[in-house]
Each structure stands twice: as structure tokens, then as C-alpha cells.
Amino acid sequence: MTSRDVKASYDKIIAPPAGVISMRKGAYQAVRSSRRRSRTRCGFRLKWPEASFLVSLASPFNWIFKADILAKDIHWYETNVMGTGPFKFVEHVKGSHWIGKKNPDYWDKGRPYLDGYRAIFISSNSAQVAAIRGERAHVQFRASPRRTATRSSPRSDAESPCRRGPWDCVSLVTMNQERKPSTTSAFVAR
């Protein structure tokens, strides 16, 4: 990954080309321009001081794609997976699971410690509890009612792997401003 990739990816977010919708471009209205400073550094010139700009840059949804790929096919990312993270994509079966394997080219040598993972999708709270109790699953990343979380462990509360903590996340509803609204709208909440 180079600054060329970073600039191309942010340019797609901030000022998307025709036919590409960017739900985050509104968060970058303060950006006047972006430029590569070196092979590894990218800079942004702002129209005005904007404290929230750093929060926007830190968003986990600002995926960085290879500039060459975006230049050839701006929609490539819609059906393909790439990245520089600790795991490489293996398989996704909708409604069933997602599999990743250790990335041998990961920048932090010696990591990740796992050879891979299998994420399973279970919508029912009781089925999630059964998967954890049966050691088919080892962690659950969604919030659960406290009584459900404590039932998921075969151990006592003191030994339970279930932990309460802050649920630090963002929920967004983004309206498509590129298209006139219809007379009826539907929202899906999870």
C-alpha cells in the first residue's frame, strides 16, 4: 500500500466519479484537495479548520484500494476483496459463514497468532448461546441481553468468559440524495 493508493481511495470517497455513490462524502466537505507528499505520505488541504476531520479519517469504513485497480474498474470493490490486514479472504457463504486465513505477507511479522478463523452467522440469541456452550463458537461480537450472555457460559458468573462493557459503535441511516424519494420507504434495522 502506498500514498498513491490512499489518495485514489480517498478521492473516490470525497469526490466520487459519475456512477459511484459515496455515503461518506458529506463528512469530508472541508477538504479542498488531497495530494501525495511521498511514497508513504498523503496530505489533505482543508477549506476551514475541522476538528471532526481526524475522526472521519479514523473511520473503519474508509477502505483503501489499489489505485491501479480503481483506475481500471471503479466498481471492482463491489464484488472483490483485498487488503493489507492480518487475514486473507477465503470464502463467504451468505447467511452461513465467512472464512479467513493468516496473511503470510502481513506487515507485523509473527502475527496474527491464529492460522485462520471461521465466522458463523447466527441470528437467534438462543442458537448463539448453544453455539458458545457447545464450543462451536468462542466469541460473540454483538450485544446480548445480560441474562442471555450469562446463560451462554457453562461456568459460574465468576468464571464466565462473558464480559459486560461499553458498546462503542456507530449506527447510521444515510439517505440517497442522488435519487428522488419514493412515496413509501422501508428501513431495515438490526
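Author: Let's start in helix 1, where Lys7 and Asp11 sit four residues apart, about one turn of the helix. This is a predicted model, in which local features need pLDDT of at least 70 and side-chain atom pairs count only at pLDDT 80 or more, while totals for chains, interfaces and linings use all residues. Residues are numbered from 1 along each chain as its sequence is written, and side-chain values use heavy atoms, with hydrogens and water left out.

Reader: What makes Lys7 and Asp11 a salt bridge?

Author: Their side chains come to 2.6 Å, N to O. The label asks for a side-chain nitrogen of Lys or Arg within 4 Å of a carboxyl oxygen of Asp or Glu, so Lys7 and Asp11 qualify.

Reader: How many salt bridges does the whole structure have?

Author: The search finds four. One of them pairs Lys88 with Asp105, whose closest N and O atoms are 3.8 Å apart. That pair links distant parts of the chain, with Lys88 in strand 3 and Asp105 in the loop between strand 4 and strand 5, 17 residues apart. Another joins Arg111 and Asp108, at 4.0 Å between the closest N and O atoms.

Reader: Why is Asp105 called exposed, while Lys88 is called partly exposed?

Author: Buried means under 20% relative accessible area, exposed means over 50%, and partly exposed is in between (1.4 Å probe, protein chains only). Asp105 has 57%, so it is exposed. Lys88 has 34%, so it is partly exposed. Lys7 at 22% and Asp11 at 27% are partly exposed too.

Reader: And how do you know whether Ser22 is buried or exposed?

Author: Its relative accessible area is 13%, so Ser22 counts as buried. You'll find Ser22 in the loop between helix 1 (3-14) and strand 1 (31-36).

Reader: What does the side chain of Ser22 reach?

Author: It reaches the backbone oxygen of Ile13 at 2.6 Å, and a polar atom of the Ser22 side chain lies 3.2 Å from the backbone nitrogen of Lys25. Both are polar contacts (N or O atoms within 3.5 Å, one able to donate a hydrogen and the other to accept it, with neighbours in sequence counted only if both atoms are side-chain atoms). Leaving aside its neighbours within four places in sequence, Ser22 is in contact (heavy atoms within 4.5 Å) with Lys12, Ile13 and Pro16.

Reader: Which residues of helix 4 are buried?

Author: In helix 4 (residues 125-133) they are Gln128, Val129, Ala131 and Ile132. Down the helix axis, these buried residues fall within an arc of 160°, so they line one face of helix 4. The arc is taken from the directions from the helix axis to the C-beta atoms. Gln128 has a relative accessible area of 8%, which is why it is called buried, and its side chain reaches the backbone oxygen of Ile122 at 2.7 Å.

Reader: What makes Glu135 stand out?

Author: Glu135 has a positive phi of about 55° although it is not a glycine. Most residues other than glycine have a negative phi, and most peptide bonds are trans.

Reader: What makes a nonpolar patch here?

Author: Val81, Phe89, Trp98, Tyr117 and Phe121 form one on the surface, with about 450 Å² of accessible area together. Patch members have over 30% relative accessible area and no salt bridge; nonpolar side chains (Val, Leu, Ile, Met, Phe, Trp, Tyr) are joined within 5 Å, like charges within 9 Å. Val81 lies in the loop between helix 3 (67-72) and strand 3 (87-93).

Reader: How many helices and strands does the chain have?

Author: Five helices and five strands, running α-β-β-α-α-β-β-β-α-α from the N terminus. Both are DSSP runs numbered from the N terminus: helices are H or I over at least four residues, strands are E over at least two. Of the 190 residues in the chain, 22% are buried.

Technical notes. Accessible areas come from the Shrake-Rupley method with a 1.4 Å probe; for residues, only the protein chains shown count as cover.
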